[in-house]
Amino acid sequence: MSDRAPQRVRVTGPSRRRPDRTAVPRRRQIDEETQLGEIYLRSLLREQLRLSGISLLALAVGIGSLPLLFWLAPGLSEVRLLGFPLPWLLLGIAVYPFLVLIGWRYVRAAERNEEGFTDLVDTVDDP
């Protein structure tokens with residue numbers, strides 16, 4: 001064993017000095033239409049486009065598959081619930097809560113994308 005005492009380590013917190021005045025906010029990259037600003041905007045637009053594609057796909061599969069279902073299983077057209085034919089209930093009533101759900105999820109995800117983008121461009125890059 002060694003007779004030496006363990007070496008002391010200096011522990012510090014985050015820097016408390018003010019940001020450098022020459023630092024460039026990322027928002028200015030967008031305002032000045034630089035290449036970096038275009039990349040930021042393109043990434044937001046790509047993410048929003050991906051989100052809208054997913055929403056449209058859910059809509060097409062969820063609602064578009066109902067006529068296919070009734071075509072493949074013609075016996076379902078004869079089923080009655082509460083005195084109404086099943087296709088009328090599904091296509092005339094049950095579709096609307098589904099549309100509201102897709103719209104609500106889309107808006108929440110779009111807002112999340114925009115909040116992330118705002119957080120990204122509100123930070124300051126060191127020069």
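Author: A contact here means heavy atoms within 4.5 Å. The model is predicted.

Reader: OK. Which residues does Gln48 touch, not counting those up to four places away in sequence?

Author: Ala110, Asn113 and Glu114.

Reader: And where is Gln48 found?

Author: In helix α2, which covers residues 35-72.

Reader: Is Gln48 buried or exposed?

Author: Buried. Its relative accessibility is 14%, and buried means under 20%, so Gln48 qualifies.

Reader: Switching to the surface. Which residues form the nonpolar patch?

Author: Val79, Leu81, Leu82, Phe84 and Trp88. Together they have about 580 Å² of accessible area.

Reader: Where does Val79 sit?

Author: In the loop between α2 and β2, the latter being residues 80-81.

Reader: Why does Val79 count as partly exposed?

Author: Because its relative accessibility is 33%.

Reader: Zoom out. What does the secondary structure of the chain come to?

Author: Three helices and four strands. Along the sequence, the pattern reads β-α-α-β-β-α-β.

Reader: How much of the chain counts as buried?

Author: 18% of the 127 residues.

Reader: Last one. Take contacts between residues at least 6 apart in sequence: what share joins residues at least 24 apart?

Author: 72% of them.

Methods. Residues numbered from 1 in each chain as written. Predicted model: local features only at pLDDT ≥ 70, side-chain atom pairs only at ≥ 80, totals over all residues. Heavy atoms only, no water. Helix = DSSP H or I, 4+ residues; strand = E, 2+ residues; numbered from the N terminus. Buried < 20%, exposed > 50% of the residue type's maximum accessible area, 1.4 Å probe, protein only. Patch = residues over 30% accessible without salt bridge, like charges linked within 9 Å, V, L, I, M, F, W, Y side chains within 5 Å. Areas by Shrake-Rupley, 256 points an atom, 1.4 Å probe, with all protein chains shown as cover. Salt bridge = Lys/Arg side-chain N within 4 Å of Asp/Glu carboxyl O.
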